[in-house]
Amino acid sequence: MTDAVSTATRPGRPAISGVVRRLPEYLMIWVPLLFSAAHLVSFSLWTIWISFTPSTLVPVSGWVGLRNYTAVMASRNWQIAFDNLLLFGSAFVLLSLVTGLVLAILLDQRIRGENVLRSIFLYPLAVSFVVTGTVWSWLLNPGIGIQKLVHDLGWTSFRFDWLVNRDMAIWTIVIAAIWQSSGFAMALFLAGLRSVDADIIKAAQIDGAGPIRIYRRVILPTLWPITITVVVVQLQFAISAFDLVRALTNGGPGIATQLPALVVYDLMFQRGLLGRGAAAAVLMLLILLAVLLPYAAWRYFRRATHA
Amino acid sequence: MAALSIRALSKRYANLEVLKGIDLDIESGEFTVLVGPSGCGKSTLLNIVAGLDRASDGTIEIGGRIVNDVPPKDRDIAMVFQSYALYPSMTVRQNITFGMECRHVPKAEQEKAVANVAKLLQIEPLLGRKPSQLSGGQRQRVAMGRALVRDPLLFLFDEPLSNLDAKLRVEMRMEIKRLHQRIGATIVYVTHDQVEAMTMATRIAVMHQGEVQQFADPDTVYRYPANLFVARFMGSPPMNTMRARLEAENGGPVVVIGAGRPDEVRLRLRGYDAAAPFVGREVVLGIRPECIAEGSRVFAGDAPIIVNAPVEMVEPTGAETIVLLRLGGEPAMARITPDIRPTPGASAAFALDTRRICLFDPETERLIA
């Protein structure tokens, strides 16, 4: 392997032996890439096709036009899931952005033990969503979690029952998701803060700007490309969120915390309505594209104007 | 009045002493260049003057006021940075007005000040642009505009030209000098480039290992370097320095290079009375490359002193030819006219200008005469 890599950078090799020597690279890069691309594309196309068929328990051919879509969009389940997504998506993205930024600014003050703190804040990212969901479902369970702890400490009128409260349950998902991923936002913001030229801050000090003005006028405006990246990454997590919700609330109480991915799972594998499930999945894909396409366009134009 | 007085200033980081007792007095209207190799402490000194770093000991006075505990914004200074340090998200206009905005200067006054500075630096067409849309030279100009608009007691420049390409650097060098002549500001300018120091300064402070080696006007620094470090640092190519012996002959001092060798060089010195105590001892002789020329050159004054010396290497630069030769076995550089190209390996005649020879004490490395 090392041999192939080192020869790859050396020009002027005879063509045939070059190809042979680089064969391991081709195999390692292209085979998995083609395989996963084929997987992704073929299954996406297959799902799109299914969404136009009257398939129920097993896939069948046939054409029902947009009937599956209208049925899904008319269902109360989907409407609640969509409303929840709007609330969860915006609250989670906004709050994790703010949390991450505040943590990054605090860490940026050249404090002692920064490395330890940074690892602690980043650590939740290494935990699987199922674990996060399960642990938070215990913590938030009024009978065994935080509420019980406070009761045992003597404050018996304390109430923290969001997990079982119809109106508040969605916020438990927001809390768990922020706990899990604001470390990611922090890491990106911290890198951005650290890349600001120290001379710029010195210049601002000489110009007479205090710390708040320096952050507001000089440093934070340089972070907006990072902010957009963070927003897009978090949004696509929010849109496709499944495991966290399934472990934490499983859509409940009732269907109060239903999210699109749960609806897809429910339709496909619990109710045996493949066609409708596929239609819901395609709708999710469209929502994702609504986020990712503008982002791709922005990246493209940014690169074009900076070149 | 002294615009800037630095007294017994020192700076220590843990066990590392970066500045060791600096004393400098800079008069109002002077263009002082702090020059030295990297790591000599010149930028640290500038940062301490600006208030971006704290001194371990000593005092700094700006305009007669001790400013050790005064924050940078209240020191009445402006600074231009090597990286320009423009605020990337602001337009050129906002970059220039940001300081006034922080000091709550009325809008109308800000407008007037920007207009003046933009005219002075010819950056009027750039006012609406962002720094990323400017070239290096334009950024440099804006950075100077940001400093000028403040009209401070003291301008601090931290290697402002070292990020520019060679051609632009020469242009900006002249422009800064012209600017100084026009507005008569007091400038402290840090650079590692001795050419910048020689061309721009009214006084040069040569720094090395946290100490000021010499603080004098450019001609003095060049002609009478205080010690061997200054002699070897200023000038390009630097001053030739070589071991020699001082002897007395017919009552006058004679410096002998390569004493005892068949090719020893004996040079009679005139007006070097200060060297008398060193007669009969080893000295270090310094001679600038331009004081060694082709044999036909006549240096003003006395009869020419001609030496035959072996040529080792020839470097034509276009404007002159640099020759590496051996004087009494010691290597030396000579600057001769461009159209003469001695053959490497052969001997050639060289004229020496002995009036500008420097003698240094080999122990203290200080200038004797």
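Domain bounds come from an automatic or database domain assignment. This is a predicted model, in which local features need pLDDT of at least 70, side-chain atom pairs count only at pLDDT 80 or more, and totals for chains, interfaces and linings use all residues. Residues are numbered from 1 along each chain as its sequence is written, and chains are lettered from A in the order in which they are written.

**View 1. The two domains of chain A.** The assignment gives domain 1 (1-50) and domain 2 (71-306). The C-alpha centres of domain 1 of chain A and domain 2 of chain A are 35 Å apart.

View 2. Helices (H or I, at least four residues) and strands (E, at least two) are DSSP runs, numbered from the N terminus.

**View 3. Burial of strand β8 (residues 187-191) of chain B.** Five of the five residues of β8(B) are buried, so the strand is largely enclosed by the rest of the structure. Buried means that 20 or more other C-beta atoms, placed from the backbone, lie within 10 Å of the residue's own. Ile187(B), Tyr189(B) and Thr191(B) lie on one side, Val188(B) and Val190(B) on the other.

**View 4. Strand partners of β8(B).** Strands pair if DSSP finds at least two bridges between them. Strand β3 (residues 31-35) of chain B pairs with β8(B) in the parallel sense over five bridges, and Phe31(B) stands opposite Ile187(B).

How values were computed. Buried ≥ 20, exposed ≤ 12 C-beta atoms within 10 Å, placed from the backbone.
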